[in-house]
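Here are a few exercises to work through with the model open. Try each one before reading its solution.

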Amino acid sequence: MTPRVVWLFSLTRSGSSAAVYASADALGWAVADEPFGPWDRTGPPYDYPPEQIDLHREHLAASERLSEPTNARFERIVQALADRAGAPGVIVKMPHLMLRPEDVARLRPNDQSAFLLRNPLDRLNSLHTRGWQDTIYPPHDLETVKTFLNRFARAPRARRLTFDAMNATPRRFFRKLWRAWGIAFDEDQVEAAVRYRARHYHESSAMLQPGRNPHRVLSAHRRDVPPEAAALYLHDPVVRCILVRFGWATDPGSYALAFSRTQD
């Protein structure tokens, strides 16, 4: 049986692992975690078919544009993941810009997509807190963020979700996410997703950190954004518009400790 395929587009450190793995656990679906990425994930815990290595190589050679050949290879991979798990579908987690949503819509018209956004400065803080500075493109990952904000804004409202909502109203969040994907569900599955989210902390992709409280993440208690990065983001009209739209702080002291000390 050909599995259904749904997508969650986001940026790194935006909660996509929690959303996808909780959904897969509750719904009984399989996960395709960053299948187009540059990592060899043919071993545990992902256990992709060997074709995953070829998929990345061909996708990169095609300037990271989904094409008929790479889509055919991708289809074989998700079929193998679904067959192995005995799952009716596969959730694809894409926390990068390495694939354009419009290409998915064009070549895979039956797939449904959703978009997950985190406060851009909170996300940047998380990258700094975890020492992921090598993933931050100059200037301070701003252009990466603005590209994703454009994709997020172009998506239908029903397909736009936020990291804050997953934490504040998780039941409502999972219902909205699964409706965006067109997946039938019941309230027992909603509760199962909420329990999974409360008991599992995905430090990075499938990697779990045992004993870690998902609601006590390190970046929520530290302000590691460089002052110049906070100023850059807060003076950018696109970012500032999204901060205001979602009621997120627009003062630099909320993100950069140096500003806070100066204001004190």
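**Exercise 1.** Which residue stands opposite Lys 93 in strand 3?

*Solution.* A quick word on the ground rules: this is a predicted model, where local features need pLDDT of at least 70 and side-chain atom pairs count only at pLDDT 80 or more, while totals for chains, interfaces and linings use all residues. Residues are numbered from 1 along each chain as its sequence is written, and side-chain values use heavy atoms, with hydrogens and water left out.

Step 1: strands are DSSP runs of E, at least two residues, numbered from the N terminus, and helices are runs of H or I, at least four. Two strands pair if DSSP finds at least two bridges between them.
Step 2: strand 1 (residues 4-9) runs parallel to strand 3 over 6 bridges.
Step 3: the residue opposite Lys 93 is Leu 8.

**Exercise 2.** Find what pairs with strand 3 in the parallel sense over 4 bridges.

*Solution.* That's strand 2 (residues 30-33). In this pairing, Ala 30 sits opposite Val 90.

**Exercise 3.** Are the faces of strand 3 buried or exposed?

*Solution.* Step 1: buried means under 20% relative accessible area, exposed over 50%, partly exposed in between (1.4 Å probe, protein chains only).
Step 2: one side has Gly 89, Ile 91 and Lys 93, the other Val 90, Val 92 and Met 94, and all are buried.
Step 3: for strand 3 (residues 89-94), that's 6 of its 6 residues.
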